[in-house]
Amino acid sequence: MSKPSILVTGATGRHGGTGIRIVEILRSQGFFVKAMVRRKDERSLLLEKMGAEVVEADFHNYPSLAQALAGVKQAYFCYPVASGIVEATTNFAAVGRESGLEYVVNNSMGASHPVSPSPLARAQWMSEQILTWAGFDCVHLRGGFFFENILLFSEQSIITQGRIANSFGDNSITWLAAEDMAQVSAKLLSTKNTSFGSVVPITANERIPLAEVVRIFSSVLGKPIQFENLEFDEWRKHLRENPRINPEMIEHLIGLAKLIQRQNAMPLVNTVEQITGKQPILLAEFVQKHRERLLNKIAQVNLATFE
Ligand SMILES: NC(=O)c1ccc[n+]([C@@H]2O[C@H](COP(=O)([O-])OP(=O)(O)OC[C@H]3O[C@@H](n4cnc5c(N)ncnc54)[C@H](OP(=O)(O)O)[C@@H]3O)[C@@H](O)[C@H]2O)c1
């Protein structure tokens with residue numbers, strides 16, 4: 001009989017990219033890992049090189065999930081910031097119940113709530129309910145706003161205009177590095193720990209407004225970066241021009257900005273340290289990691305301007 005595996009879904013992500021990091025951590029600790037991908041490509045090859053068994057499956061294709069969940073007791077559930085999470089979770093939970101899944105670490109979100117102004121945050125809350133009702137031991141991780149979002153929305157304007165523009169105004173945001181979400185998830189998956197409760201907020205010890213975010217970017221990059229607050233419609237227009245952002249994510253972000261305007265920020269918690277034993281990554285460290293790449297791009301833009 002083969003050894004039980006840990007299933008990691010969302011293993012090819014490019015937004016937070018938590019899945020591939022979890023695969024890497026679990027494989028480095030010698031766990032058998034199944035990595036779920038929608039298609040085989042250069043990203044699945046990378047997962048294979050890490051020693052994961054790659055399985056092709058789609059949350060919206062019920063039969064495909066049986067192979068992914070076969071022989072699996074622990075799973076990381078990760079759906080992108082996109083529509084369809086309630087259907088996806090229902091399929092996953094139904095197959096998991098059939099196949100003997102016991103423990104789920106769910107990458108939910110800080111905004112998850114039945115009456116959130118964000119439609120996706122309401123759907124994410126429903127997804128949590130489905131996994132719990134299915135009878136698994138669940139840890140729903142409600143993470144702060146990923147630092148990665150700053151680059152997803154604003155990398156281009158940082159490089160070309162020295163500017164970050166959105167509708168978050170001067171209210172504070174509770175942040176988190178996606179890397180820390182991965183570290184926490186891997187630790188929980190490897191220990192099947194439920195002692196932190198079924199709903200666990202995960203944040204960096206950092207709740208700061210955009211004015212402070214741009215100060216940190218300016219200081220680490222050694223270049224002036226400004227923040228500009230936009231009306232919701234104006235921000236929507238900018239976001240629509242970004243090919244990496246889907247329409248549901250846009251409405252989710254507007255919903256988050258509304259929440260933040262009501263000063264409804266997540267509480268600061270030290271769960272990263274409690275669970276992993278490591279201090280959470282702060283924004284300055286995150287920017288430092290991207291410093292060279294961003295400065296190279298800024299230099300290229302400056303060169304092109306003078307040519
Ligand atoms: N962004 C934030 O600020 C934040 C904060 C806290 C929590 N979260 C939560 O983090 C989660 C996303 O995590 P992440 O950023 O690590 O993910 P990600 O990088 O966006 O990756 C999403 C993964 O899901 C896969 N996927 C998409 N549709 C699928 C389907 N129908 N069936 C199977 N797989 C599918 C993608 O595969 P392809 O490569 O094939 O598309 C990809 O591997 C969300 O649930 C969000 O609520 C986000």
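A residue is called buried under 20% relative accessible area, exposed over 50% and partly exposed in between (1.4 Å probe, protein chains only). The model is predicted: local features need pLDDT of at least 70 and side-chain atom pairs count only at pLDDT 80 or more, whereas totals for chains, interfaces and linings use all residues. Residues are numbered from 1 along each chain as its sequence is written, and side-chain values use heavy atoms, with hydrogens and water left out.

**View 1. Gln 74 in strand β4.** Gln 74 counts as buried because its relative accessibility is 12%. Its side chain reaches the backbone oxygen of Leu 189 at 3.0 Å; a polar contact is a pair of N or O atoms within 3.5 Å, where within protein one must be able to donate a hydrogen and the other to accept it, and residues adjacent in sequence count only if both atoms are side-chain atoms. Leaving aside residues up to four places away in sequence, Gln 74 touches Ser 5, Ile 6, Leu 7, Leu 101, Tyr 103, Leu 189 and Lys 192, contact meaning heavy atoms within 4.5 Å.

**View 2. The open sheet of seven strands.** The strand order is β3-β2-β1-β4-β5-β6-β10, with parallel pairing. Strands (E, at least two residues) and helices (H or I, at least four) are DSSP runs numbered from the N terminus, and two strands pair if DSSP finds at least two bridges between them. At the edges, β3 (53-56) and β10 (199-202) each pair on one side only. Strand β1 (residues 5-8) is joined to β4 (residues 72-77) by four bridges, and Val 8 has Tyr 76 as its bridge partner in β4.

**View 3. Gly 96 in helix α4 (residues 85-99).** Gly 96 is buried, because its relative accessible area is 0%. Not counting residues up to four places away in sequence, Gly 96 touches Leu 69, Leu 101 and Phe 136.

**View 4. The lining of the largest cavity.** On a 1 Å grid over the protein atoms alone, a cavity is a set of points where a 1.4 Å probe fits but cannot get out, and lining residues have an atom within 4 Å of a point. Among the lining residues are Phe 145, Phe 153, Trp 175 and Leu 210. Helix α6 (148-161) and strand β8 (163-166) each supply at least two lining residues, and α6 gives the most, with four.

Conventions: On a 1 Å grid over the protein atoms alone, a cavity is a set of points where a 1.4 Å probe fits but cannot get out, and a pocket is an open set with protein on both sides within 12 Å along at least five of seven lines; lining residues have an atom within 4 Å of a point.
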